[in-house]
Amino acid sequence: MRYITIALAKGRLAEISIELFEKIGLDIAEMKTKTRKLIFVDETYKLKFVMVKASDVPTYVEYGAADIGIVGKDTLIEECRNLYEMINLKFGACKMVVAGPESMREKLKVMNDFRVATKYVRVAKDYFYHQKNKTIEIIKLNGSVELAPLVGLSEVIVDIVESGKTLKENGLVVLEEICDLSARFVVNRVSMKMEKERIMDIVTKLRDLQEQEGNA
Ligand code: PRP
């Protein structure tokens with residue numbers, strides 16, 4: 001039997017994903033140890049787990065290097081890859097927002113020449129160019145995006161907000177909400193045909209768990 005490979009987004013989502021797989025009966029205790037290994041194997045069910053950077057999960061799954069991925073909707077929208085989104089796992093809930101200093105709230109509605117810093121260039125372009133018809137400049141950053149308005153790199157940011165702590169501690173506020181986000185279970189299109197039975201078995205177990213926990 002071939003291994004089914006599951007790509008997990010390193011960090012917060014991977015931790016919750018591991019708990020989820022334990023609850024449906026997989027033995028992945030090794031993944032909870034502090035290790036720098038990138039591949040973990042469950043010999044009973046012939047599963048392989050690979051730990052990758054969140055933004056790379058859709059790439060692994062689209063190319064079939066992983067059959068399944070667990071990743072945030074934010075990454076899925078931004079990466080725009082060709083894959084099946086099978087389950088909204090509901091955890092990792094947060095929002096994609098436009099944030100900045102309170103003084104930008106009114107200006108944002110009328111100004112057309114401001115800069116937006118973000119890790120999510122596609123999301124920001126779609127929002128400002130297509131939904132708001134603005135011709136603003138978008139600056140790609142790779143992290144600590146909240147810093148940009150504080151040092152004059154941009155007027156506002158497009159980023160995810162979970163607890164709101166990072167914005168608050170940096171004197172920024174949510175100015176506009178773009179969309180709700182959460183973790184998703186995604187599947188490679190060919191794997192879905194070739195390994196339908198085994199993949200649907202995992203999907204069913206996860207859906208049953210969601211119902212049991214009142215999270216469906
Ligand atoms: C994310 C996001 C915000 C923060 C929001 O950053 O980009 O900075 O979390 O969370 P909060 O509302 O609970 O404060 P991440 O931790 O991924 O780090 P990054 O700055 O490297 O993107």
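**Ground rules.** I am working on a predicted model, in which local features need pLDDT of at least 70 and side-chain atom pairs count only at pLDDT 80 or more, while totals for chains, interfaces and linings use all residues. Residues are numbered from 1 along each chain as its sequence is written, and side-chain values use heavy atoms, with hydrogens and water left out.

A polar side-chain atom of Glu146 is 2.6 Å from an oxygen atom of the ligand, and for a polar side-chain atom of Asp159 the value is 2.7 Å. The ligand exposes 500 Å² when taken alone, and the protein buries 71% of that. Accessible areas come from the Shrake-Rupley method with a 1.4 Å probe, and for residues only the protein chains shown count as cover.

**Overall fold.** I count nine helices and 11 strands; these are DSSP runs numbered from the N terminus, helices being H or I with at least four residues and strands E with at least two. The C-alpha atoms fill a box of roughly 60 × 35 × 30 Å along the principal axes. Of the 216 residues, 45% are buried; buried means under 20% relative accessible area, exposed over 50%, and partly exposed in between (1.4 Å probe, protein chains only). Contacts (heavy atoms within 4.5 Å) with a separation of 6 or more come to 68% from residues 24 or more positions apart. The accessible surface is about 11700 Å², with 49% belonging to carbon and sulfur atoms.

**Ser182.** I found Ser182 in the loop between β10 (173–181) and β11 (183–187). Ser182 is buried, at 6% relative accessible area. Its side chain makes a polar contact of 2.7 Å with that of Asn88; such a contact is a pair of N or O atoms within 3.5 Å, and within protein one must be able to donate a hydrogen and the other to accept it, with residues adjacent in sequence counting only if both atoms are side-chain atoms. Leaving out residues up to four places away in sequence, Ser182 touches several others, among them Val71, Lys90 and Phe91.

**Salt bridges.** A side-chain nitrogen of Lys or Arg within 4 Å of a carboxyl oxygen of Asp or Glu qualifies, and I get 15.

- Glu195 and Arg2 pair at 3.1 Å, N to O. Glu195 sits in the loop between α8 (189–194) and α9 (196–212), Arg2 in the segment before β1 (4–9), 193 residues apart. Glu195 is buried at 13%, whereas Arg2 is partly exposed at 41%.
- Lys95 and Asp180 have their closest N and O atoms 2.6 Å apart. Lys95 is in β6 (94–100) and Asp180 in β10, so the pair ties together parts 85 residues apart in sequence.
- Lys205 and Asp201 pair at 3.2 Å. Both lie in α9, four residues apart, about one turn of the helix.

**Val151.** I placed Val151 in the loop between α6 (147–150) and β9 (156–161). Val151 is exposed, with a relative accessible area of 57%.
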